[in-house]
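Here is a short tour for anyone who likes to look at a fold before setting up a calculation. Have the viewer open, and follow along section by section.

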Amino acid sequence: MTAPILNARALNRALLERQLLLRRAKMTAAQAIERLVGMQSQVPTDPYIGLWSRLEGFEAGELARLLEMRHAVRATAMLRTTIHLLTARDSLRIRPLLQPAVERAFRHSPFSKALDGLDAREVAAAGRALLVERPRTIGEVGRELQVRWPDRDADALAYAVRYLVPLVQLPPRGIWGRGGRPILAPAETWLDAPLAADSSLDDLVLRYLAVFGPATASDVQTWSWLTGMREVLERLRPRLRTFRDERGRELFDVEDGPLPDPDTPAPVRFLPVFDNTFLSHDDRSRIVDRNWLDQVLMHGFILVDGFIRGVWKLDRKHERTTLVVAAWGAFSPEERVEVEAEGALLLDFIAADAEARDIRVTD
């Protein structure tokens, strides 16, 4: 039987439904973070905006409490070796699966080349011992390791630890309205629990498909930086359904993954820099026109009719905060009204303390 073909719009609506972007969901922040298999968090405030855009009645204090109570963490060197917000449980069970990708990334980094001839595992163990003794910044770790290896670059020593040891950044870093220096501790120490010894790569790939599928093997690899995803999907094939995209590529999906009507209305949504909705596919045509791909990086972005149609930023001057929206092509009058309405709500959330707030939309 020929696999059904899904066009970009069908894949778009499937992605939005699974990413909680067709309507705000009634669930806790912890439930959403686990459903999304973590949220990229290089910018500490990004997950707050991502959750606000997805959850009904979300308040920043809910996520702040999860971090302060150690029910969630901002873990380093996770998916794509970036900082991700995860529940405590997920951080312990997912990191062991990602270790091969992290080690490969380190081997190809300039930090590894600077440590040529030195056993990186010995450096990582020494750095971990320092962080078990007490939390430190990565700079402090490098300087203290340089006492032991004085002929080696401090940054290279530090980043061997940053890559190879499962670490978390401690509050108040990542706490809404506070922030602080990136102080690090081993995940197992901070959470008083060991890394999972029985994590399943098959389960991780199934979770990816549930929230990002239908997807190709290359999509899974782009999301995780793990190799061998074709073999994993072949192993899982009896548990999956398959489709084709308009270019003929095979798409894999969990059997119960929702596939909304491609004409389902999609509300305007403001998403933060590095949101995984944009970053988690090799082919991003389901979310953005290929001509605009390079314009998304390093910017918050706006979904209009489900696709990225512009970028946004905050401009804070004195007591006034302006939401600056740069549209790619002109919005229709109806789209502009919706963008401004959703933007006003975002300003209420993100700049509640500003004496004056306004929106500037440029086509």
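## Before we start

Helices and strands are DSSP runs numbered from the N terminus, a helix having at least four residues and a strand at least two. Please keep in mind that this is a predicted model.

Let's begin with the open spaces. The largest pocket has a volume of about 220 Å³. It is lined by 14 residues, and those closest to its centre are Phe106, Arg107, Ala120, Arg121 and Leu164. Two elements, α5 (88-107) and α7 (120-133), each give two or more residues to this lining. Which of the elements gives the most to the lining of the largest pocket? That is α5, with four residues. Sorted by class, the lining holds six nonpolar, three polar and five charged residues.

The second largest pocket comes to about 180 Å³ in volume. Among its 15 lining residues, Ala8, Arg249, Asp283, Ser285 and Arg290 sit closest to the centre. Here the classes split into four nonpolar, three polar and eight charged residues.

## Nonpolar cores

The largest nonpolar core brings together 56 residues. The members that touch the most other members are Val205, Leu209, Leu233, Phe278, Ile287, Leu303 and Ile308. Helix α11 (residues 201-212) supplies the largest share of this core, with seven residues. A second, separate core has 38 residues, including Ala32, Tyr48, Val268 and Phe270.

Leaving aside residues up to four places away in sequence, Leu303 touches Leu16, Leu21, Pro267, Val268, Arg269, Leu271, Ile287 and Ile308. Two of these contacts, Ile287 and Ile308, are also listed with Leu303 among the members of the largest core that touch the most others. Val268, another contact of Leu303, belongs to the second core.

Is Asp202 buried or exposed? Its relative accessibility is 16%, so Asp202 counts as buried, the cut-off being under 20%.

What does the side chain of Asp202 make a polar contact with? The partner is the side chain of Arg235, at 2.6 Å. Beyond four places in sequence, Asp202 touches Val232, Arg235 and Leu236.

## Two loop residues

Pro150 lies in the loop between α8 (138-148) and α9 (154-164). With a relative accessible area of 61%, Pro150 is exposed, because exposed means over 50%. Pro150 and Leu55 are 95 residues apart in sequence, and their C-alpha atoms are 50 Å apart in space.

Glu56 has its place in the loop between α3 (46-52) and α4 (60-68). Its relative accessible area is 46%, so Glu56 is partly exposed. Along the chain, Glu56 and Met27 are 29 residues apart, while 7.7 Å separates their C-alpha atoms. Not counting residues up to four places away in sequence, Glu56 touches Arg24, Ala25 and Lys26.

## Backbone points to check

Most residues other than glycine have a negative phi, and most peptide bonds are trans.

The peptide bond from Pro171 to Pro172 is cis, with omega near 10°. Pro172 is part of the loop between β5 (167-169) and β6 (184-186). Another cis peptide bond runs from Gly213 to Pro214, where omega is near -5°. Pro214 belongs to the loop between α11 and α12 (217-224).

Turning to phi, Ala77 has a positive value near 50° and is not a glycine. Ala77 is found in the loop between β3 (72-75) and β4 (84-87), and it is buried, with a relative accessible area of 0%. Asp192 has a positive phi of about 50°, and it is not a glycine either. Where is Asp192 found? It sits in the loop between α10 (187-191) and α11. At 71% relative accessibility, Asp192 counts as exposed, whereas Ala77 is buried.

Notes. Residues numbered from 1 in each chain as written. Predicted model: local features only at pLDDT ≥ 70, side-chain atom pairs only at ≥ 80, totals over all residues. Heavy atoms only, no water. 1 Å grid on protein atoms, 1.4 Å probe; cavity = no way out; pocket = protein on both sides within 12 Å on 5 of 7 lines; lining within 4 Å. Points joined across faces, edges and corners; volume = space filled by probe spheres on them. Nonpolar A, V, L, I, M, F, W, Y, C, P; charged D, E, K, R; others polar. Core = buried A, V, L, I, M, F, W, Y, C linked by side-chain atoms within 4.5 Å. Buried < 20%, exposed > 50% of the residue type's maximum accessible area, 1.4 Å probe, protein only. Contact = heavy atoms within 4.5 Å. Polar contact = N/O pair within 3.5 Å; in protein donor to acceptor, adjacent residues only side chain to side chain.
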